[in-house]
Amino acid sequence: MALQLWETLKESITAYSGLSPATFFTVLALGLTLYYVVSSLFGSSDGGHAHDRSRGFEEQMEPLPPPVQLGEITAEELKLYDGSNSEKPLLMAIKGQIYDVTQSRMFYGPGGPYALFAGKDASRALAKMSFEDKDLNGDLTGLGVFEMEALQDWEYKFMSKYVKVGTVKTTVPVTDGAAQSEATDASPSDAAKPAEEAAEGHVAKPAEDGPSETAAPKETEETTTAAADVDVEKKE
């Protein structure tokens, strides 16, 4: 069986190369020898440079510091962690939860494709896959079902990959309606005070100025009764 294969191989070499098997293998051996000699001359130099580059890259790569828990911070304070200061961690928030994305600085750091999300709560932008400034916030009002599902996928990804380090402090704005309601609630009590003061003043005033006007009808009635008695006596 092996002899048949060898005979078939020799016939194939002669048919396709036009060389005898001995000549073919001699040329093949010389080619391989020349390849190894050339690769050893030029490859060693390239390999040395590649080794130096990799060693330099490893020296530049420093281990990342452990995530620092910040607790509850405001949106303005979160902007300080947008990657502009390399000494600070790179943070990003989703649905009010802040995550440390320093390990993905090539994506969320300066110059990265998602750099504009860093230092912000980008929930709305991620849900809509928008890069507009008006969507770089955590407002979820008006979002559709599919947008909320997309945001949920982003949140699951961040929860599984990054460390949560804090939350964004939410502020409830006071609307004009609420202020008007407070003013309405306070107005009855405020209005009652002048009424009480006026009533007290009305009662106390006659005592200072003299007899009140209510005494005048009584005095007139007594005078009329006395006059009637006088008339009766005259008739008698």
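Where in the structure is the place of Leu-28? Leu-28 sits in helix H2, in what is a predicted model. Helix H2 covers residues 21-60. With a relative accessible area of 43%, Leu-28 is partly exposed, because that value falls between the 20% limit for buried and the 50% limit for exposed.

Leu-28 also belongs to a nonpolar patch on the surface, together with Leu-9, Phe-25, Leu-32, Tyr-35 and Tyr-36. The accessible area of these residues together is about 640 Å². Helix H2 is the element that gives the most to this patch, contributing 5 residues.

The chain as a whole can be described next. The protein chain has 8 helices and 4 strands, and along the sequence these follow the pattern α-α-β-α-β-β-α-α-α-β-α-α. There are 236 residues in the protein chain, and 18% of them count as buried. The accessible surface of the chain amounts to about 17600 Å². Carbon and sulfur atoms account for 60% of that surface. Taking contacts between residues at least 6 apart in sequence, 54% join residues that are at least 24 apart.

Val-165 is part of strand S4, which spans residues 163-168. The relative accessibility of Val-165 is 0%, so this residue counts as buried. Its C-alpha lies 6.4 Å from the C-alpha of Val-68, although 97 residues separate Val-165 and Val-68 in sequence. If residues up to four places away in sequence are not counted, Val-165 touches Pro-67, Val-68, Gln-69, Leu-70 and Gly-71, and also Leu-91, Ile-98, Tyr-99 and Asp-100.

Asp-100 leads on to another residue. The side chain of Asp-100 is joined to the side chain of Thr-102 by a polar contact of 2.5 Å. Thr-102 is located in the loop that runs between strand S3 (97-100) and helix H4 (105-108).

Lys-95 lies in the loop between strand S2 (91-94) and S3. The phi angle of Lys-95 is near 55°, a positive value in a residue other than glycine. Lys-95 has a relative accessible area of 33% and is therefore partly exposed.

Met-129 is found in the loop between helix H5 (123-128) and helix H6 (145-161). The phi angle of Met-129 is near 50°, which is again positive in a residue other than glycine. At 47% relative accessibility, Met-129 counts as partly exposed, because the exposed class begins over 50%.

Definitions and conventions. Residues numbered from 1 in each chain as written. Predicted model: local features only at pLDDT ≥ 70, side-chain atom pairs only at ≥ 80, totals over all residues. Heavy atoms only, no water. Helix = DSSP H or I, 4+ residues; strand = E, 2+ residues; numbered from the N terminus. Polar contact = N/O pair within 3.5 Å; in protein donor to acceptor, adjacent residues only side chain to side chain. Patch = residues over 30% accessible without salt bridge, like charges linked within 9 Å, V, L, I, M, F, W, Y side chains within 5 Å. Areas by Shrake-Rupley, 256 points an atom, 1.4 Å probe, with all protein chains shown as cover. Salt bridge = Lys/Arg side-chain N within 4 Å of Asp/Glu carboxyl O. Buried < 20%, exposed > 50% of the residue type's maximum accessible area, 1.4 Å probe, protein only. Contact = heavy atoms within 4.5 Å.
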